[in-house]
Amino acid sequence: GAASAYTRAITVLAQLAGATGPAAGGSAKEDVEELWSAVLGNRAQVLLKLGQREEALADCRESLKHNENNSKAAMRGALAAVELGRFEDSVALWLAALKSHPGAKELEEGLSFARKNGEDVGRASSLLEEGSCARALAYLRAPLSSAPHAPHLSMLMVRALLGVGSFQEAATMCESLRERLGEADIELRFLRGKANFGSGDLDGAVKTWSALLRLDPDHEEAKRNLKLARTMAKAKSVANDLFGKGEVSAAIEGYTAALALTTECDTFNAALLYNRAVAHGKTGKLQDAIHDCCSALDLNPSYTRALLQRARAYSELKEHWEAVADLERALEVEPGQKDVARVQQHLTAARAKLEAEGDDHYAVLGVLPDAEEAAVRKAYKRLALLHHPDKAVGGGEMRARAERRFKRVADAHSILSDKEKRREYDRERERSRAQRAGRSGYRPKNGDPSSRARGERAHRDEFFRQAYENYAGFNGWG
């Protein structure tokens with residue numbers, strides 16, 4: 001190929017240069033040097049097209065030794081240096097090209113581009129040292145886009161991604177680096193372990209760090225992380241075994257202890273919170289189950305199992321509007337989930353139950369339909385204080401729940417505290433109740449309203465029992 005031809009020419013030129021001797025002068029010596037420089041520059045161009053950037057850069061540097069005014073070689077070297085992420089080298093080569101063509105627009109633009117990328121990498125490195133990973137990530141995007149074949153930049157990017165919790169993206173980048181750098185790179189192995197750990201793949205983390213320590217037994221950080229990963233995996237397994245044996249209270253204590261081990265593995269902790277929520281639900285502590293599901297969703301907003309478990313707890317508490325919202329969200333988050341038909345069934349049942357029981361303002365405030373104004377006001381004050389968002393304990397999901405409940409209480413009070421609005425609401429409420437009773441197909445026996453109510457209730461309960469027969473089952477461990 002062309003590269004081989006240029007290589008043969010370079011060999012001949014080297015022989016010619018040797019024949020003239022170091023003491024030779026005049027145009028003959030200069031002609032050989034210029035030709036040698038040009039051939040090296042041309043081979044660099046071919047190597048660049050072949051993706052051999054290191055070799056191309058080396059040829060350009062050698063070319064400039066023979067002729068420092070070879071601006072083409074300087075420009076090609078600058079481009080090779082950019083693709084390798086060596087922006088300082090690129091700046092030096094652009095400056096070399098500008099000596100022969102001062103003020104050339106294309107060269108000035110190349111120089112500015114290399115300087116900007118070099119400055120961004122410097123800022124990103126400093127920010128990573130400070131722990132400002134999100135800002136470092138922003139500075140690294142453009143340089144890495146310009147130099148996708150620069151391992152040192154990819155390593156910086158992986159560190160930044162790990163710092164912001166983008167573990168899957170970090171793992172993908174680590175795999176790409178492994179194909180280029182091989183299995184022996186110690187830093188890459190450590191970062192791969194961190195990506196496994198952060199994504200909750202403790203087995204993968206243990207395997208990766210164990211292999212690293214076989215290569216470098218004195219890697220202290222890998223030792224510490226390996227010990228922690230093994231401890232976490234064992235703690236979760238022990239708690240799961242306790243639950244499986246029916247020792248639910250002991251399992252809850254086990255999950256709580258496991259949660260105290262680290263705050264650096266959101267996926268793992270979200271799974272522990274979900275498992276503890278299942279255990280709380282088993283003991284009837286539905287509010288605790290909801291709290292744990294909320295905390296799990298704060299850590300992993302796409303955690304479908306936590307949404308389904310919370311929906312079940314809401315349903316048991318007759319907060320059907322919340323159950324409907326969670327089931328709809330579960331389908332949006334993971335529309336292709338394997339049990340989508342079952343989730344759809346639960347959603348249909350929850351919507352039907354919400355329609356059957358209605359959105360009763362009296363039930364929201366916990367007062368009877370004939371409650372006097374003072375009782376309504378007292379109930380509102382108590383519930384508004386209880387559900388005020390500023391009093392919410394936990395993260396964003398718990399606050400959002402408090403905000404929704406606070407709004408429902410406020411809406412109910414705004415209707416029931418206004419005499420005219422309340423009369424209109426009562427009329428509409430009675431019409432809706434009559435329509436629902438008519439659709440149910442039940443009529444009072446001997447004019448006894450309580451008999452009709454019992455019949456309606458039995459009919460509804462049987463429908464929901466069938467629809468939810470699988471819903472109360474265990475959804476599997478997180």
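This is a short walk through one predicted model, from the overall fold down to single side chains.

Start with the chain as a whole. The protein chain has 23 helices and 0 strands. It runs to 478 residues, and 44% of them count as buried. The accessible surface of the chain is about 25100 Å². Carbon and sulfur atoms make up 51% of that area.

Next, the interior. As background, nonpolar side chains in soluble globular proteins tend to be buried together. Here the largest nonpolar core has 101 residues. Which members touch the most others? They are Leu153, Val158, Phe197, Trp209 and Tyr303. Look at leucine 153 in particular. Set aside its neighbours within four places in sequence. Leucine 153 is then in contact with Gly85, Phe87, Val121, Pro143, Leu144 and Ala147. There is also another core, apart from the largest one. This other core has 12 residues, including Val364, Val367, Ala412 and Leu416.

Helix α18 covers residues 340-357, which is 18 residues. From first C-alpha to last, α18 reaches 26 Å. That is close to the 26 Å expected at 1.5 Å a residue. Which residues of α18 are buried? Val343, His346, Leu347, Ala349, Ala350, Lys353 and Ala356 are. Note that the list contains His346 and Lys353 as well as alanines.

Now charges. The structure holds 30 salt bridges.

Pair one is aspartate 89 with arginine 61. Their side chains meet in a salt bridge at 2.8 Å, N to O. Aspartate 89 sits in helix α5, residues 87-100, and arginine 61 sits in helix α3, residues 53-66, so the bridge ties together parts 28 residues apart in sequence. Both ends are partly exposed: aspartate 89 has a relative accessible area of 27%, and arginine 61 has 37%.

Pair two is aspartate 120 with arginine 123. The closest N and O atoms of this salt bridge are 3.2 Å apart. Both residues lie in helix α6, residues 105-130. They are 3 residues apart, about one turn of the helix. An α-helix has 3.6 residues a turn, so residues three or four places apart point the same way. Is aspartate 120 buried or exposed? Buried, because its relative accessible area is 4%, under the 20% cut-off. Arginine 123, by contrast, is partly exposed at 37%.

Pair three is glutamate 424 with arginine 427. This salt bridge is 2.7 Å, N to O. Both residues are in helix α22, residues 419-440, and being 3 residues apart they are separated by about one helical turn. Glutamate 424 is partly exposed, with a relative accessible area of 39%. Arginine 427 also counts as partly exposed, at 39%.

Then the network. Salt bridges that share partners join Arg310, Asp326, Arg329 and Glu397 into one network.

Last stop, a polar contact. Where is asparagine 240? In helix α12, residues 220-244. Asparagine 240 counts as buried because its relative accessibility is 14%, again under 20%. What does its side chain contact? The side chain of asparagine 240 makes a polar contact with the side chain of asparagine 275, at 3.3 Å.

That is the tour.

Technical notes
Residues are numbered from 1 along each chain as its sequence is written. This is a predicted model: local features need pLDDT of at least 70, side-chain atom pairs count only at pLDDT 80 or more; totals for chains, interfaces and linings use all residues. Side-chain values use heavy atoms; hydrogens and water are left out. Helices (H or I, at least four residues) and strands (E, at least two) are DSSP runs, numbered from the N terminus. Buried means under 20% relative accessible area, exposed over 50%, partly exposed in between (1.4 Å probe, protein chains only). A polar contact is a pair of N or O atoms within 3.5 Å; within protein, one must be able to donate a hydrogen and the other to accept it, and residues adjacent in sequence count only if both atoms are side-chain atoms. The expected span of a helix is 1.5 Å times one less than its number of residues. A salt bridge is a side-chain nitrogen of Lys or Arg within 4 Å of a carboxyl oxygen of Asp or Glu. A nonpolar core is a set of buried Ala, Val, Leu, Ile, Met, Phe, Trp, Tyr and Cys residues joined through side-chain atoms within 4.5 Å. Contact means heavy atoms within 4.5 Å. Accessible areas come from the Shrake-Rupley method with a 1.4 Å probe; for residues, only the protein chains shown count as cover.
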